[in-house]
Amino acid sequence: MHYDTRLKDHGLPHDPFTALVVPRPIGWISSLDRQGGLNLAPYSFFNAVSGRPPFVIFASNNRKHSQANVEETGEFTVSIASSAQRVEMNASSAPVPAGVDEAALLGIDMAPSRLVRPPRVAKSPAALECAYVKSVALTGRDGAVHPTTIVIGEVLGVYIDDRVIVDGRVDFLRLQPLSRLGYRDYGVLTEVFEMPRPTAEEIMPG
Ligand SMILES: Cc1cc2nc3c(=O)[nH]c(=O)nc-3n(C[C@H](O)[C@H](O)[C@H](O)COP(=O)(O)O)c2cc1C
């Protein structure tokens with residue numbers, strides 16, 4: 001099959017687009033509002049876009065509390081949502097009013113960050129302490145500005161639970177990152193394999 005995204009002529013009961021760009025990591029984003037109130041919400045339009053230096057992005061489908069807080073107070077953390085945290089992660093996505101602390105509401109323990117003010121999710125196996133860089137609104141080819149905005153952050157500090165480090169490397173099966181698939185489906189990591197990158201000489205004949 002093939003469909004035109006402008007015509008939405010896929011003929012399926014649900015738009016398949018987000019079910020195809022998978023798996024997506026889930027960034028569990030904490031931020032503070034101007035009054036210092038905590039906010040916690042999951043974002044799967046989230047990724048690292050540079051390693052050296054480390055930068056991350058998340059996209060907000062409209063100006064939700066996380067985007068507003070990050071733009072207004074300049075900092076956020078991204079806790080890695082592990083498989084074991086799936087229920088709390090999902091619960092924290094409920095559209096509660098501004099000023100409601102999802103972590104306190106749901107009994108999610110937070111731990112202080114070192115380089116930014118918003119705390120991280122205490123039981124997450126890893127967390128990124130980020131400084132807000134800028135927001136980029138999505139503008140279509142026709143010049144129309146869409147409600148989605150990409151928020152860019154520079155990663156200043158990285159927390160890793162020592163238990164997920166084995167022989168000096170992050171052990172992915174211990175990290176157990178929860179991944180977002182499409183619809184209401186999620187995936188967990190069950191197998192890891194290594195594949196060194198080839199040199200040019202290895203793939204070029206002669
Ligand atoms: C796994 C998961 C991933 C999500 N990813 C996004 C996302 O990338 N962008 C978005 O705008 N909303 C996303 N949502 C919905 C937000 O979490 C939800 O709207 C939440 O209430 C936003 O909270 P906030 O207003 O406190 O930032 C996601 C929800 C779940 C459960």
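Let's start with lysine 8: it counts as exposed because it has 11 C-beta neighbours inside 10 Å. The terms are these: buried takes 20 or more other C-beta atoms within 10 Å of a residue's own, exposed takes 12 or fewer, and partly exposed is in between, with C-beta atoms placed from the backbone.

Before going on, what you see is a predicted model, where local features need pLDDT of at least 70, side-chain atom pairs count only at pLDDT 80 or more, and totals for chains, interfaces and linings use all residues. Residues are numbered from 1 along each chain as its sequence is written.

Back to lysine 8. This residue sits in the segment before α1. Helices are DSSP runs (H or I, at least four residues), strands likewise (E, at least two), numbered from the N terminus. Its phi is positive, about 55 degrees, although lysine 8 is not a glycine. Most residues other than glycine have a negative phi, and most peptide bonds are trans.

Aspartate 167 also has a positive phi, near 50 degrees. Look for it in the loop between β11 (165-166) and β12 (169-170). Aspartate 167 counts as exposed because it has 5 C-beta neighbours inside 10 Å.

Now the cis bonds. The peptide bond from valine 22 to proline 23 is cis, omega near -5 degrees. Proline 23 is in the loop between α1 (17-20) and β1 (24-25). The bond from arginine 52 to proline 53 is cis too, omega near 0 degrees. That proline 53 lies in the loop between β4 (46-51) and β5.

Next, the ligand. Which residues come nearest? Of the 17 around it, they are Ala41, Phe45, Lys64, His65 and Ser66. A residue is near if its C-beta atom, placed from the backbone, lies within 6 Å. β3 (38-43), β5 (54-60) and α2 (65-73) each supply at least two shell residues. β3 gives the largest share, four residues. By type, the shell has seven nonpolar, eight polar and two charged residues. Nonpolar here is Ala, Val, Leu, Ile, Met, Phe, Trp, Tyr, Cys and Pro; charged is Asp, Glu, Lys and Arg; the others, Gly among them, are polar.

Last, a sheet. It is open, with three strands in the order β1-β13-β14, paired antiparallel. β1 and β14 (186-187) stand at the edges with a single partner strand each, so one side of each has no neighbour in the sheet. Pairing requires at least two DSSP bridges between strands. Two bridges join β1 to β13 (residues 179-180). Arginine 24 stands opposite arginine 180 in β13.
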